[in-house]
2 protein chains.
Amino acid sequence: MATYKAPLDEIGFVLFDVLGYETAVRPLPGFGEAGADLVRPALEEAGRLCEEVLLPLNRGGDEEGCRFENGVVRTPDGFKAAYDAFAAGGWSGLALDPAHRGQGLPRTLHFAVMEMICSANLAFGIYPGLSHGAADALHLHGTEDQKALYLPRLASGEWTGTMCLTEPQCGTDLGLIRTKAVPDGEGAYSVTGTKIFISCGEHDLADNILHLVLAKLPDAPAGTRGISLFLVPKVLVGDDGSLSERNGVRCGGIENKMGIHASATCTMHFDEAKGFLVGGAHGGMKAMFTMMNAARLAVAIQGLGVAETACQTAVAYAKERRQGRALSGAKEPEAAADPIIVHPDVRRMLLTMRSQVDAARVLACWTGMELDAATRHPDPERRKRADDFVALMTPILKAHLTDLGTECANTAMQVLGGHGYVREWGVEQLVRDARIAQIYEGTNGIQALDLVGRKLPQGTGRLLRRFFHPLDAFIKEHEADPCLAPMTGALKKAAERLRGATLTIARKGLSDPEEAGAAASDYLRLFALTAMAWAHAKTVVAVLPRAGEPFGQRKIALATFYMTKVLPETGALFARIMAGKGPVMGLEAEAF
Amino acid sequence: MATYKAPLDEIGFVLFDVLGYETAVRPLPGFGEAGADLVRPALEEAGRLCEEVLLPLNRGGDEEGCRFENGVVRTPDGFKAAYDAFAAGGWSGLALDPAHRGQGLPRTLHFAVMEMICSANLAFGIYPGLSHGAADALHLHGTEDQKALYLPRLASGEWTGTMCLTEPQCGTDLGLIRTKAVPDGEGAYSVTGTKIFISCGEHDLADNILHLVLAKLPDAPAGTRGISLFLVPKVLVGDDGSLSERNGVRCGGIENKMGIHASATCTMHFDEAKGFLVGGAHGGMKAMFTMMNAARLAVAIQGLGVAETACQTAVAYAKERRQGRALSGAKEPEAAADPIIVHPDVRRMLLTMRSQVDAARVLACWTGMELDAATRHPDPERRKRADDFVALMTPILKAHLTDLGTECANTAMQVLGGHGYVREWGVEQLVRDARIAQIYEGTNGIQALDLVGRKLPQGTGRLLRRFFHPLDAFIKEHEADPCLAPMTGALKKAAERLRGATLTIARKGLSDPEEAGAAASDYLRLFALTAMAWAHAKTVVAVLPRAGEPFGQRKIALATFYMTKVLPETGALFARIMAGKGPVMGLEAEAF
């Protein structure tokens with residue numbers, strides 16, 4: 001089994017010391033009670049659930065997997081009880097609107113809790129993750145009646161949600177959707193079509209499943225402008241919320257896939273199923289993006305969660321496993337060999353993981369806090385700034401943190417060697433499970449295109465200024481401090497590369513979108529590595545008063561490692577971006 | 001199922017056009033008949049076996065896996081028949097000594113054949129790969145009687161071989177071995193102990209299995225200097241080669257692992273098994289390294305093989321799958337969408353794979369040719385140079401080509417998106433199968449330590465000169481050619497970085513081995529990327545006369561992509577190496 005202890009101290013440090021939660025989030029309307037005195041015990045409680053309930057189920061869930069039997073999906077042994085405990089603990093509605101039985105707590109807290117859940121059991125975490133996205137979409141785009149009827153049951157966890165987008169002929173290109181919705185003359189719609197790759201499309205954890213389905217009305221214009229969103233419950237619901245008859249939606253099978261075996265990936269057939277329009281006719285893409293953005297941040301957190309577990313497991317193994325001697329002479333001469341953590345190459349792997357995971361958590365929590373500000377802050381200008389920041393960071397976090405999840409799982413496997421490739425330590429499952437996060441809710445390549453194609457030009461670079469202005473101010477504020485000089489120096493260099501790349505892409509991309517497309521993935525990574533460097537620098541600022549303590553020394557050592565051993569990659573990324581589209585587009589398709 | 005066509009034209013081009021096989025290998029003693037007129041049909045025949053027999057078994061082999069039943073290992077359906085066809089075709093003994101019924105053909109050809117086998121079915125390829133290593137060890141270190149008795153049956157494929165090194169408490173650190181060998185008074189030894197992670201330790205493909213087992217004699221000095229190598233047949237063999245009784249060796253179970261399910265990874269119990277000393281008493285490490293070096297090159301080829309299949313599958317998908325429109329305007333407006341190969345980010349992924357796979361093949365074949373020269377060349381000085389080159393390249397190829405295998409399998413999955421994560425296209429199996437190659441026969445971190453710790457200082461840099469001198473000569477010869485300037489310029493820059501890093505590591509490492517250890521993995525990658533750049537430049541030189549044809553344009557485009565989009569990573573690696581051990585060794589073990 002993988003090693004995992006909920007990193008409560010670390011999360012608390014990030015929230016309260018690095019990011020100033022008490023002055024940034026607590027003063028927001030409705031969060032007055034959500035201070036450290038509430039947040040810390042809540043995190044402890046969630047951590048306990050993760051360590052004691054979800055983690056022990058993870059391996060069995062993988063081995064047993066979901067089973068598809070006569071149209072029904074059975075989740076692995078123990079998942080139903082764990083889900084009930086999760087719902088009973090109030091975790092389903094943690095950040096949902098109290099007007100509809102949600103707990104109304106900050107997204108920031110929700111992010112931290114989701115991280116721990118995904119660390120302990122990624123396949124489990126997918127179920128409530130999707131419910132949250134569905135609730136967001138209904139909250140923002142549903143009618144008051146829809147909200148009153150459905151949101152309380154999503155908040156309580158009695159029902160779960162899905163996102164039904166993909167069809168056999170279309171994933172990324174939703175304009176190709178063929179699922180049809182025909183008005184039934186009674187204000188509802190008859191939905192017909194087949195959706196594939198639907199996470200949690202069918203299962204036995206909850207009494208009802210609310211499918212949010214993209215489909216086209218009869219008069220729909222071609223392409224994505226003709227897409228509408230429909231709520232299609234698995235079981236139809238009376239006005240009082242009581243369950244009535246089964247709707248015309250059924251699971252046609254589940255996928256045999258590399259990992260997340262305990263999360264059913266379903267083919268869903270809609271056969272004149274009763275559906276309810278959410279948002280306006282042909283307004284489905286907007287509503288879909290609400291769900292999608294929430295889902296993308298949730299998936300980013302999945303990457304972070306797996307990365308943390310991989311890191312902890314590798315460290316535990318490296319301290320326990322004894323092979324060879326330290327190159328500087330035996331560290332424990334009385335034993336037959338030294339623990340492998342003495343070896344520089346093993347340390348390189350562990351520090352590459354840890355230095356990135358810690359910085360990734362800062363970015364994730366920071367974005368969570370801005371998400372809270374974007375919805376709650378009384379000042380509309382501040383809300384707008386926060387919203388811009390979240391919009392900018394969403395593709396970056398989705399791609400980079402899920403890359404990090406896979407990277408850390410693989411690095412952990414390398415630390416464990418053969419013991420990582422076999423099942424025992426749980427690392428091979430992490431590698432298999434983490435991999436999906438780079439793919440679903442828009443592949444990481446699509447995130448990069450979102451960044452260069454939508455976020456970069458938006459408001460003539462307005463979103464970028466939300467990042468660069470405070471970054472410049474941060475560097476200016478701290479660069480004279482000799483204690484911080486190595487951090488600010490490295491950060492400044494990366495920021496200059498990022499700015500240079502941004503200008504080049506913006507300039508070239510204006511006349512030739514292929515130039516932006518060719519640079520997209522490298523640019524996203526350059527952005528992410530720079531943002532992580534900033535996160536490290538902020539961490540060091542926060543920890544300077546404790547620079548003499550082991551905790552402070554550790555943080556400074558991690559930042560130093562990051563700046564000297566990880567951040568240099570920005571130079572290579574910059575060079576690749578500057579090389580332009582020529583080498584990418586030159587070859588004819590036939591010649592591949 | 002994965003897409004795979006044996007790349008016969010490409011292999012032929014590398015051997016005959018880029019590397020000059022006809023003048024470099026054919027003139028070697030014993031290879032007079034092994035010219036293009038023999039090699040090309042042999043490759044075709046092997047390609048047919050791979051496409052028609054091994055590839056179709058790959059998915060079923062993964063799904064069914066090996067089964068352990070009452071001490072016996074059953075390979076998946078069809079494997080026995082495929083192995084028989086393989087042996088009947090004479091492939092088992094392709095490069096083995098004709099004095100012992102081998103075909104006596106060049107290693108170069110053997111490498112090319114192994115690549116295709118591993119492309120088609122990696123799990124299958126492990127069986128003959130290990131037999132080859134065992135045959136090498138017996139060939140070089142066995143007595144004449146041992147060779148006469150055992151080699152012909154390995155060459156015919158009637159029997160297979162294993163390498164039994166790892167024990168529960170020791171993998172990398174073989175000095176910790178506990179398996180004992182006691183003289184039985186009749187010239188043989190009684191071997192007792194438990195070995196784990198033994199690939200093909202037990203199976204039903206062949207009548208006998210020859211285990212080559214590391215063990216310690218009663219009077220053995222501590223550590224690796226006290227290790228001896230023993231041949232322990234599964235079934236004891238009469239002087240005439242007839243099988244007699246079962247030996248005291250049995251399989252205790254097989255591992256449940258991430259991939260290569262059709263290759264049994266066994267726990268082997270030796271209980272007073274009869275063993276025969278191979279090489280001198282306490283001379284086991286030397287004999288082991290013979291096997292190990294052969295195995296490391298074989299594993300490098302595994303990485304290359306998987307990378308090729310991943311690349312072919314991704315290209316096939318990218319040409320077939322239609323999503324979205326080219327950013328420059330619809331390429332096929334009559335269809336609902338363009339094939340995704342029009343998208344710059346998809347092309348980036350495909351070219352990153354293809355440009356590296358093609359260069360990796362050049363390096364692998366080149367090393368194969370040097371291996372042939374090292375054993376066959378009449379001039380001892382030339383043999384020595386070749387031997388040095390192979391010794392230098394072995395850890396580089398093992399690590400870099402297996403990294404490439406995993407990288408390409410994952411990149412292919414990213415091209416396929418959700419369709420890559422499910423079983424159908426065979427890509428998720430490639431990801432799971434490829435991953436082991438970075439671990440076994442010495443993790444890639446161990447390869448890096450071998451490079452900086454053994455190969456770099458050997459003969460005060462003699463091995464390095466085998467690389468740098470001809471590289472410098474190559475650059476000098478071609479840098480004035482305006483057609484080659486972009487290639488030689490980029491190559492020269494990378495070579496300068498490599499030389500600078502080499503000098504720094506050599507200088508610092510002399511007084512502080514931890515400095516070398518901290519730089520090892522980055523250095524190996526810097527070396528490999530530079531060597532691949534050289535391979536591209538050599539390819540372009542070979543293809544210049546065809547620069548106007550599609551084939552030539554393709555090769556130049558791939559080299560251009562590599563130089564501008566892949567090679568810049570050398571800058572980041574150089575910066576990391578120069579940052580030294582400080583950031584790696586600073587943190588106390590407890591603080592991780």
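User: How many bridges join strand β7 of chain B to strand β11 of chain B?
Analyst: In this predicted model, β7(B) covers residues 227–233 and β11(B) covers residues 265–278, and the two run antiparallel. One place where they meet is B:Leu229, whose bridge partner in β11(B) is B:Val278. The number of bridges that join β7(B) to β11(B) is three.

User: Which residue of β7(B) is the bridge partner of B:Leu212?
Analyst: Strand β6 of chain B, residues 208–216, pairs with β7(B) in the antiparallel sense over seven bridges. Within β7(B), the bridge partner of B:Leu212 is B:Leu231.

User: What is the angle between the ring planes of B:Phe13 and B:Phe551?
Analyst: Over all chains there are 34 aromatic pairs. In one of them, B:Phe13 and B:Phe551 lie 4.8 Å apart centre to centre, although B:Phe13 in helix α1 and B:Phe551 in helix α17 of chain B are 538 residues apart. Their pair is edge-to-face, with an angle between the planes of 75°.

User: Why does B:Phe551 count as partly exposed?
Analyst: Buried means under 20% relative accessible area and exposed over 50%, with partly exposed in between. B:Phe13 counts as buried because its relative accessibility is 3%. B:Phe551 counts as partly exposed because its relative accessibility is 21%.

Methods
Residues are numbered from 1 along each chain as its sequence is written. Chains are lettered from A and ligands numbered from 1 in the order in which they are written. This is a predicted model: local features need pLDDT of at least 70, side-chain atom pairs count only at pLDDT 80 or more; totals for chains, interfaces and linings use all residues. Side-chain values use heavy atoms; hydrogens and water are left out. Buried means under 20% relative accessible area, exposed over 50%, partly exposed in between (1.4 Å probe, protein chains only). Helices (H or I, at least four residues) and strands (E, at least two) are DSSP runs, numbered from the N terminus. Two strands pair if DSSP finds at least two bridges between them. Rings of Phe, Tyr and Trp (its six-membered ring) pair if their centres lie within 6.5 Å; planes under 30 degrees apart count as stacked, over 60 as edge-to-face and the rest as tilted.
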